[in-house]
Amino acid sequence: MSEISIKDIIKPENLVYQKTKLMTDKPLSYCPGCGHGTTHRLVMEVIEELGKENDTIGVAPVGCSVLAYEFMNVDMQEAAHGRAPALATAIKRLWPDKVVFTYQGDGDLAAIGTAETIHACNRGEKIVIVFINNGIYGMTGGQMAPTTLEGMKTSTTPYGRDAALMGHPLKITELVAQLPGTYYVTRQSVHTPSAVRKAKRAIKKAFQNQLNDAPGLSFIEVVSNCNSGWKMTPVDANHWMEENMFPFYPIGDIKVDGELVK
Amino acid sequence: MGELKLMKGNEALAEAIIRAGTDGYFGYPITPQSEVMEYLTAAKPWETTGMVVLQAESEVASINMLYGGGGTGKKVVTSSSSPGISLMQEGLSYIAGAEIPILIVNVVRGGPGLGDIQPAQSDYFQATKGGGHGDYRLIVLAPSSVQEMSDFVPMAYDLAFKYRMPAMILSDGAIGQMMEKVEFFEPIPRLTDEEVKARYPWATNGKPKGGERRILTSLDLDPSKMEQHNYDLQAKYRKIEENEVRFEQIQCDDAEYVIVAYGSSARISLKSVKLLREKGIKAGLLRPITLWPFPTKKIDALVKQGVKGFLSVEMSAGQMVEDVRLAVNGRVKVEHYGRLGGIIHSPEEVAEALEQKIIGE
Amino acid sequence: MTEEIIIAGFGGQGVLSMGKILAYSGIMQDQEVSWMPSYGPEMRGGTANVTVILSDERISSPILRAYDTAIILNQQSMDKFEETVKSGGTLLYDPNGITRFPSRKDINIYKVEGAKKAAEMGNTKTFNMIVLGAYLKIKPIVKLENVVKGLKKSLPERHHKLIPLNEDAINLGMKSVETVQKI
């Protein structure tokens with residue numbers, strides 16, 4: 001029996017997959033099973049495929065993806081909590097030929113940064129917002145997010161979210177879709193291979209809108225699990241997400257080419 | 001020599017913003033400086049120089065627009081008044097931490113809280129000691145005339161870009177609302193995108209082909225790296241203290257008593273010096289133009305020259321007086337005089353205060 | 001020469017624009033000028049005042065407690081500013097609406113029926129120029145030709161057709177001023 005070493009296998013003709021060069025080699029700091037890593041990769045793949053590596057400026061949030069700039073190999077700026085759409089507004093207006101995006105979580109985008117989100121959308125800033133909704137504050141240890149479902153347990157809703165006491169989960173994506181300044185609004189997930197493919201198509205469409213100077217902002221929500229925050233295994237978390245998150249946050253396009261989807 | 005115009009300080013500031021080759025103004029209306037954005041939107045510079053003017057949804061958003069825009073190497077500015085500047089402190093701290101050059105103008109009004117809309121100088125601590133979190137500084141320029149509301153705009157930009165940090169013009173409602181004649185500098189063309197890229201290699205405006213990506217952040221979770229970053233910032237600040245102190249001295253050469261005052265208080269005190277000299281009292285005026293870096297060495301020199309006492313005149317409960325005291329270091333008398341909450345002291349009150357508090361018995 | 005003036009009355013009387021025209025006139029004859037308004041929520045109908053300084057030298061304080069001249073156009077301003085006129089200084093007022101007349105003995109006092117004359121001219125907006133004319137008759141600190149130049153500078157182009165009317169008003173003010181007390 002002849003010995004086959006790994007060196008014999010690593011050959012260009014055997015290559016079936018490689019990560020985009022727009023992801024750095026730094027190991028991702030995200031928990032296994034979390035949607036952030038996949039979504040990072042999709043955004044970077046799209047930028048590479050569109051040939052915009054040297055013309056893209058990204059804005060990172062505060063939250064789990066605060067270090068997104070460590071992984072995304074394009075020019076990046078860190079924002080204060082919630083303020084990414086304000087930074088992106090100025091960057092795009094001062095460099096209208098560049099591709100500008102923000103990458104934000106639910107606490108960042110839908111709680112502390114609500115004003116910046118709504119007004120960037122309402123002004124129709126020609127940027128892309130990628131929004132990860134996992135219904136919890138992951139980085140600070142699993143506190144209630146604006147998108148936490150009713151009854152859902154977090155470290156600040158230990159008996160479950162009671163809407164009468166803590167307010168209702170916020171469908172910010174449906175909300176921004178109502179604004180005339182948004183051009184494309186969609187909700188996706190990245191928990192199965194087919195979902196990943198659909199999410200990538202949506203992300204690509206959003207960036208293409210910007211390249212085509214479409215009259216408005218493109219907004220992509222990605223519903224993700226937060227298995228460590230939800231205190232579940234990654235697989236259980238995905239099942240729980242399908243059973244509980246998707247009915248409240250249904251997957252699919254909400255607004256396409258400036259028209260609400262009926 | 002250009003044409004002389006009669007203008008409000010706020011209007012002169014707005015005109016100077018256009019002339020200084022500004023790429024973007026982002027602001028939110030607040031009295032007593034709303035004329036700035038009104039002037040800019042009426043002038044429509046986007047049709048002439050290509051400058052962007054945007055009314056943001058809040059001061060929080062405007063300062064973060066400066067964070068983003070300044071991070072790309074463009075010349076960006078905002079203006080506001082005290083309560084709005086308080087809202088900007090978060091953004092300023094990030095901007096200082098990420099070492100981004102921007103210009104911010106505070107036309108100060110009475111506080112605390114919503115206070116009133118009359119002139120005050122009670123934001124000195126916030127401006128010079130850092131109103132946001134962390135060890136950082138702003139370069140702070142204090143105009144005392146409408147002419148300086150114009151002249152300090154290009155000067156502040158130069159300093160901000162030279163040291164990659166925020167610069168502030170600390171004015172007040174009196175300088176903003178009064179009209180004087182002003183002669184503008186020749187317009188400075190905006191830099192092209194290519195010039196911006198060539199001059200500011202740190203700026204995030206698209207990764208250079210074949211080069212490394214740029215990251216602008218104030219974050220480093222490794223405390224040893226964050227300590228080093230702080231040392232670097234402090235080294236930069238020491239260099240600025242060494243090289244960028246600006247002040248004006250009037251009749252200080254033979255002065256026995258010196259009033260230290262900036263902005264509109266300096267104008268008022270200039271008259272007080274005249275009133276005191278008429279009475280045979282050898283008074284002088286030291287007007288700090290940079291509030292940070294503060295003219296500490298000049299005050300030290302005045303003490304050594306034989307000045308017997310200093311009166312810090314500010315429309316505040318006594319903020320700059322602390323820096324005067326540090327410079328004097330107990331060698332001679334230092335006192336404060338100033339009206340509060342938007343009331344402006346008169347030249348006579350200031351002269352009287354010097355006689356009572358400094359010359360005394 | 002330094003002339004420190006307070007002009008005080010109701011908002012809507014043209015107090016601020018009168019000060020502005022005076023300041024512009026000063027610039028036209030190479031003087032240093034400052035114009036410092038009271039500002040705030042007092043719009044039309046509230047009290048408004050402006051400090052104007054014309055000088056051959058650098059102007060120190062734009063904010064003053066004592067004035068060479070006070071031009072007083074309502075009772076509230078009389079109550080507030082009569083006492084601020086420097087001894088030997090000048091007070092000019094319009095008696096319309098004044099119930100308590102000035103009582104100082106150490107200042108020169110003049111009056112002009114500005115409101116009445118403006119009504120006679122058929123245009124109440126000429127009121128402030130009538131008062132300005134009266135002031136310039138008492139203190140010819142700026143030449144009339146420089147006032148006209150100042151008007152051109154401070155009025156938008158579309159209002160330049162009103163300049164002759166304003167000149168007439170200034171001339172009428174010069175003729176209408178009456179001496180109340182000369183020390």
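How many bridges join strand β6 (residues 108–111) of chain C to β7(C), and in which sense do the two run?

Modeller: Three bridges join β6(C) to β7(C), and the two strands run antiparallel. One of the residue pairs is I109(C) with its bridge partner Q181(C) in β7(C). Strands here are DSSP runs of E, at least two residues long, and helices are runs of H or I, at least four long, all numbered from the N terminus. Two strands count as paired if DSSP finds at least two bridges between them.

This is a predicted model, where local features need pLDDT of at least 70 and side-chain atom pairs count only at pLDDT 80 or more, while totals for chains, interfaces and linings use all residues. Residues are numbered from 1 along each chain as its sequence is written, and chains are lettered from A and ligands numbered from 1 in the order in which they are written.

Now the whole sheet. It is open, has nine strands and mixed pairing. The order is β1(B)-β8(B)-β2(C)-β3(C)-β1(C)-β4(C)-β5(C)-β6(C)-β7(C). β1 (4–8) of chain B and β7 (178–181) of chain C stand at the edges. Each has a single partner strand, so one side of each is left without a neighbour in the sheet. Ignoring direction, neighbouring strands are turned against each other by 25 degrees on average. Axes are lines fitted to C-alpha atoms, for helices over the stretch in contact, and angles between N-to-C directions run from 0 to 180 degrees.

Two helices come next. Helix α1 (residues 9–19) of chain B packs on the sheet and touches β1 and β8 of chain B. Its direction makes about 115 degrees with that of β1(B). α1(C) packs on the sheet too. This helix touches β1 and β8 of chain B, together with β1 (2–10), β2 and β3 (47–55) of chain C. The angle between the directions of α1(C) and β3(C) is about 10 degrees.

Where do chains B and C join in the sheet? Strand β8 (residues 179–183) of chain B pairs with β2(C) in the antiparallel sense, over two bridges. There, E180(B) has S34(C) as its bridge partner.

The contact between these chains goes beyond that pairing. In total, 17 residues of chain C are in contact with 19 residues of chain B; contact means that C-beta atoms, placed from the backbone, lie within 7 Å. On the chain C side, α1 (15–28) and β2 (32–37) each supply at least two residues. β2(C) gives the largest share, five residues. By type, this side of chain C divides into 11 nonpolar, four polar and two charged residues. Nonpolar covers Ala, Val, Leu, Ile, Met, Phe, Trp, Tyr, Cys and Pro; charged covers Asp, Glu, Lys and Arg; the others, Gly among them, are polar.

Chain A stands apart from chain C. The two do not touch, and their nearest C-alpha atoms are 29 Å apart. Of the two pairs of chains that touch, A and B have the most contacts.

Back to chain B, which carries two strands of the sheet, β1(B) and β8(B). An automatic or database domain assignment sets the domain bounds. Chain B is divided into domain 1 (4–194) and domain 2 (248–359). Their centres, taken over C-alpha atoms, are 27 Å apart. Across the boundary, 26 residues of domain 1 are in contact with 20 of domain 2.
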